[in-house]
Amino acid sequence: MVAEPLLVGVDVGTTNIKAIVFNPRGQVVARASTSTPTRHPRPAWADYDPEALWQQTVSALRTAVGELDDVNRIVSIAVASMAETAVPLDGRGQPTFDAVAWFDLRAAEQAGWLDETIGQDRLFAISGLSLQPIFGLCKLLWLKQNEPEAFERTALWLNVADYIAYRLCGVAATDYSLASRILTLDLRNLRWDEDLLAELEIPASLFAPLRPSGTVLGRIRAQAAALTGLPGYTQVVVGGHDHVCGALATGVIEPGSLLNSVGTSEAIFLPVKRPLSDPAMGRQGYAQGAHVVPDRYFAVGGLYTSGICVDWFRDLMGGDVSHASLIAEAEMVPPGSLGVSFLPYLRLANSPIIDPKARGAFVGLTIDAGRGAIFRALLEGLAFGLRHSLDALLVHANVDLERVFAIGGGTRNRLHMRIKATMLKQAITVLEMEEATALGAALLGGLGVGIYRDANEALGTLQVDRTVVEPIGEQIDLYERHYQEIYLQMYPALKSLNHAIDRVSGR
């Protein structure tokens with residue numbers, strides 16, 4: 001009897017780096033996780049030492065592979081990662097500078113310069129992206145202007161997933177979903193926009209060759225195999241953007257379906273047939289990209305802070321209170337949290353708002369608002385923020401929402417999921433799959449080596465449990481009033497105050 005092959009998916013995320021071994025049915029065989037080694041050199045800045053990212057990935061892989069009885073069953077590995085983060089490398093493959101985190105805001109000046117020089121509407125027409133400082137081009141211009149020596153030595157700009165794959169097999173390539181987050185990809189023609197790059201005096205050769213997700217790059221190098229424990233014939237396959245890989249694993253490929261990916265941040269992922277052209281979409285902070293499935297595209301919005309809001313609140317309470325205790329306290333409070341409301345702009349304003357000076361806020365506090373009420377207000381604010389982002393996105397995409405799926409660690413908070421279902425007036429199907437992002441990467445690996453003929457066959461092979469979270473009918477009208485009369489008024493009411501805070505505080 002021939003042993004069943006195994007597929008490895010790696011998820012390099014904002015908080016953790018996960019290495020998961022799956023069988024072809026999507027069941028976890030072995031797993032390991034290490035923390036993402038994030039540094040915060042100053043307020044609003046965050047970065048990673050590329051070597052530390054690699055070593056943490058190696059550690060996770062070595063631990064996961066070490067759990068297997070027969071490591072020789074592994075046939076492929078593919079990597080998914082956070083986007084908008086890249087490692088600059090010299091001609092010998094050595095980092096020339098740190099990898100600036102996706103949520104780092106140091107490139108705000110460069111984003112402003114791009115707006116004045118190129119224009120946000122033209123950039124949207126090329127890339128399908130709104131102009132924001134988090135995107136790769138802004139970070140690259142920051143490096144050019146602030147670290148010219150490092151920029152001059154830079155020969156290659158690799159997204160994090162591409163960098164890990166490069167360390168594994170020595171081949172530089174990037175997929176379309178991660179390339180979509182740089183601002184330099186011609187989204188309609190799926191090629192680097194050389195005219196734009198020439199205007200900016202950036203060599204097109206800095207960007208890796210474009211390859212479809214699921215393309216085999218080559219065998220793992222002997223040194224990487226020795227470090228990770230992977231067999232020497234393991235094929236390294238092109239992966240993709242973490243949220244997009246999660247969409248593949250959940251089958252969110254066709255228009256009418258929506259994926260709510262709930263983690264440190266929170267994405268709403270809406271498949272579309274072709275790139276959208278209305279520049280107003282870009283001015284509202286929405287983005288588009290190429291799916292990891294061929295000939296598919298997506299539009300995306302969401303919240304820059306979601307799970308991290310929950311962790312932030314828990315830390316404020318001393319860190320010793322459990323999530324379960326906070327949820328239990330919040331469940332004891334009626335909807336509306338005694339009039340307390342939360343604006344979840346702790347990092348950036350969320351689409352459809354673009355305002356780097358926006359800040360989060362609790363309003364409506366009184367002496368009666370205890371910890372449970374404030375925590376419930378936080379969960380409600382996240383749900384209202386999701387609704388706000390989704391409403392405008394659906395108008396731009398001109399699609400009717402038929403099915404909502406949810407994945408990620410945040411789905412374990414079923415109070416939050418009930419609030420969201422009620423706010424959206426739509427049942428949410430929670431897919432009880434383990435590590436959807438890593439699974440999506442593993443499926444791409446399986447496609448690359450021929451385990452599956454195509455994405456539909458891969459999805460039909462998966463064995464996944466589902467839980468449907470229904471809206472609470474008697475709460476729909478209350479939440480609708482709260483959303484219309486309170487939540488939507490919060491940002492406009494606080495805008496001038498937050499801009500004054502920015503002027504006075506200098507940040």
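The model is predicted: local features need pLDDT of at least 70, side-chain atom pairs count only at pLDDT 80 or more, and totals for chains, interfaces and linings use all residues. Residues are numbered from 1 along each chain as its sequence is written, and side-chain values use heavy atoms, leaving out hydrogens and water.

Now H2 itself. Helices here are DSSP runs (H or I, at least four residues), as are strands (E, at least two), numbered from the N terminus. H2 spans residues 108-117, and Gln 110, Ala 111 and Leu 114 are buried in it. Buried means under 20% relative accessible area, exposed over 50%, and partly exposed in between (1.4 Å probe, protein chains only). Seen down the axis of H2, the buried residues fall within an arc of 105°, so they line one face. That arc is taken from the directions from the helix axis to the C-beta atoms. The face turned away carries the exposed Glu 109 and Glu 116. The buried residues pack against helix H3 (120-127) and helix H4 (136-146), where contact means heavy atoms within 4.5 Å.

Next, the aromatic rings. Phe 384, Tyr 479, Tyr 483 and Tyr 487 form one cluster. Rings of Phe, Tyr and Trp (its six-membered ring) pair if their centres lie within 6.5 Å; planes under 30 degrees apart count as stacked, over 60 as edge-to-face and the rest as tilted. The structure holds 14 such pairs. In one, Tyr 483 and Tyr 487 have ring centres 6.2 Å apart and planes at 15°, so they are stacked. Tyr 483 is buried at 2% relative accessible area, and Tyr 487 is buried at 3%.
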